Amino acid sequence: MRERTISSRANTLGQFFRTTARLAGLVLGVLATSGGQAWAQQTAPGTLRIEVRSPTGPVPEATVTAGTSTQLTNPLGIALVTAPPGTLEIGISKDRFVPASVRVEVVSGTERPVLVELTPRPSVEEEVTVVASTRTGRRLEDQPMRVEALNREEIEEKMLMTPGDIVMMLNEMGGLRVQATSPSLGAASVRIQGMRGRYTRFLSDGLPLYGEQPGGLGLLQIPPMDLGQVEVIKGVASALYGSGAMGGVVNLLSRRPGKARDREVLFNQSTRGATDAVLWVSSPLSETWSATFLASAHRQSQTDVNADGWADLPGYARGVARPRVFWDDGEGRSFFATVGTTWETRTGGTEPGSVLPVTGGEYREALDTRRIDAGAQGQTVLAGRYVLTARAALSRQWHTHDFGDVRERDRHDTAFSELAIRGARGPHTWVAGLAIERDAYRPTDLPQFGYSFTTPGVFLQDDLDIRRWLSVSVSGRVDHHSRDGWFVSPRISALLRSGPWTGRVSTGGGFFAPTALTEETEAAGLSRLSIPAPLRAERGRSASADVTRAIGPASVTLTVFTSRVTHAASVDRATFTLANQGDPATTTGTEVLATFRRAPFAVTGTYTFVRAREASDPGRLDVALTPRHSAGIVAMAESEDVGRVGLEVYVTGRQRLDANPYRSTSEPYVIVGLLAERRFGRWKLFVNGENLTGVRQTRWDPMLRPDRAIDGRWTVDAWAPLEGRVVNGGVRIGF
């Protein structure tokens, strides 16, 4: 029985195999007769009907490159491309438009429509490369992390308004607010998107030449004549620059020398007693070496605008000198070095012969500043593939601060060095490096507030081009603070592009090592300050998203942002104590930036909404001196051979006030300015009217308090201009 079963199964299998063989033969026969025809159909070329358009219509005579084939679009913006089946990379370019590329699948024997939309370039094409702020050396529009840049032309406009400092220049950038911290001496700090000014890190060509915490007077001692570009990163940037960059980074890039000698001198005089003289010289030294030199002298008369016996504008005398040398062999190797020195004497308080109404005596506040700094950076190419960069900086600053009969003297030292290597492979552009910083503060008269911190760190950044329309940047940094221990600071950003649309999202975390140096102690000094408990490190997180739409010569950018700082250190003005807060400080807001550029006109409009809140007793309140609403519009018409004329209007909303006996909320105000410059060969004459509406805080309330505050101040905070209407004018001479 078993043998018959096995035999039956064998016969069944044999029949199956014979049937399969016959079917296979039949299939092979069919393939033999029709295979050539099928193969021919599969390898037949396909056609791509490429239509090139812009926001204003078809783009004729655009160059379309597909493989080895190049052709122009017809008057309807159409080009026909024939290619074998497979994936084909197509590039499209046209003057006055941003080049584009698409990857298309060609299907055999069919015609496929392809729509490509080109984005117009600005009428004045500016290819801005951001090197020092994000380290990868990519163009501004290719950066996944949003970096806002102020070019030389815009810097010149602000230079004509305030040739002695960069306050005006920064205060008129969207999302930035320069807040006066000391009405007596005019000190100020920069708040980025509502965050405290001490969280903003200032760099010069990527170097901390102004110190780890430049303080409220650093901004007033930087003449803009030798600046070529200003870069701003908003939000937590500790992943790139460690502790001092929890609010953002402002990087001041110097003017680079040209191939020919260039010299310029500026003289300026204002109706409020300010006098400025600035010299800038640029010269090539050889085929590879060049140098620039800046020297400036500035003077302001102490001025009592409202005749109440108290100086609304402090008097000062300042001198600045800064030489720079550059070397570039044209093969990727370069070197840069600078040495700078600043000397200033600043005075405020009661006018000579005047007394305080409360005490019947004089009150003089004064500050002497001496600063010297040096920095250098160089790069070389390794193995033809990698870029090795080294940079270092040293700065030392001396202060002598008089608060009436109290004198506070200090010395602030900063040392910094960094070594980084950059490379690119495929879609990756990466940077890795290590850095070490030392920040030391030596108060002679109040040694209990002194400190010395050393912070080594390592960092890594990778910019990845995933698709033509998607790029991602991932960065991280690990620091070891000598007092507060280990910190990890991550950041991730993404760039998305589609025709005229560009979007960015970014989020990151960081830390800040607090000290007794705050905006409040900058104004009142340290002698009355108490710190009841050791300060803890502040930790911050931020996120932002923005979208930009280009419409011909115009563009509009909408940004939303948020940040959160835990263990935020703040000064209680009622007791003048500094301590970490139990509740976090939070910021949310929106920015709108609109630009229009078509020669000879340029118009920029900004609007910022900020809701910055911090812990209070009881509950939570808006951060003082931070308006929720602010807006501005700047219009400029310029001809290279004739000159320029400009109009600006700025609106500042209400602000919460702290320790002000006259009011708890400020008044809104509008400031209007006019600028005109006329060129006569090498001579340029200019006149500028600032605050033509005559806004002045003392028109509402006195600056002087009815009694002395706990922290020792005799004045309230400055929430509006103190100088009123000001007109300045002068001459620029190129030779």
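Modeller: Terms come before residues: helices (H or I, at least four residues) and strands (E, at least two) are DSSP runs, numbered from the N terminus. This is a predicted model, where local features need pLDDT of at least 70, side-chain atom pairs count only at pLDDT 80 or more, and totals for chains, interfaces and linings use all residues. Residues are numbered from 1 along each chain as its sequence is written, and side-chain values use heavy atoms, with hydrogens and water left out.

Biologist: How many helices and strands does the protein have?

Modeller: The C-alpha trace spans about 125 × 80 × 50 Å along its principal axes. The secondary structure comes to five helices and 43 strands.

Biologist: What share of the 735 residues is buried?

Modeller: Buried means under 20% relative accessible area, exposed over 50%, partly exposed in between (1.4 Å probe, protein chains only). By that rule, the buried share of the 735 residues is 51%.

Biologist: Is valine 230 buried or exposed?

Modeller: Valine 230 sits in strand S17. Its relative accessibility is 0%, so valine 230 counts as buried.

Biologist: How far apart in space are valine 230 and valine 250?

Modeller: Contact means heavy atoms within 4.5 Å. Leaving aside neighbours within four places in sequence, valine 230 has contacts that include Ile155, Leu170 and Val250. Valine 230 and valine 250 are 20 residues apart in sequence, and their C-alpha to C-alpha distance is 7.1 Å.

Biologist: Which residues touch the most other members of the largest nonpolar core?

Modeller: A nonpolar core is a set of buried Ala, Val, Leu, Ile, Met, Phe, Trp, Tyr and Cys residues joined through side-chain atoms within 4.5 Å. The largest such core has 22 residues, and those touching the most other members are Ile166, Leu170 and Val230.

Biologist: Which residue caps the N-terminal end of H2?

Modeller: Helix H2 covers residues 152-159, and seven of its eight residues are buried. Among them are Ile155 and Met159. A polar contact is a pair of N or O atoms within 3.5 Å; within protein, one must be able to donate a hydrogen and the other to accept it, and residues adjacent in sequence count only if both atoms are side-chain atoms. At the N-terminal end of H2, a side-chain oxygen lies 3.3 Å from the backbone nitrogen of glutamate 153, and the capping residue is asparagine 151.

Biologist: Which backbone nitrogen does the side chain of threonine 608 reach?

Modeller: Threonine 608 is in strand S37 (residues 601-615). Its relative accessibility is 7%, so threonine 608 counts as buried. At 3.5 Å, its side chain reaches the backbone nitrogen of glycine 175.

Biologist: What volume does the second largest pocket have?

Modeller: On a 1 Å grid over the protein atoms alone, a cavity is a set of points where a 1.4 Å probe fits but cannot get out, and a pocket is an open set with protein on both sides within 12 Å along at least five of seven lines; lining residues have an atom within 4 Å of a point. Grid points are joined across faces, edges and corners, and a volume is the space filled by probe spheres set on the points. For the second largest pocket, that volume is about 1000 Å³.

Biologist: Which residues lie closest to its centre?

Modeller: The second largest pocket is lined by 43 residues. S26 gives the most to the lining, with four residues. Closest to the centre are Arg256, Phe326, Asp328, Ser334 and Phe336.
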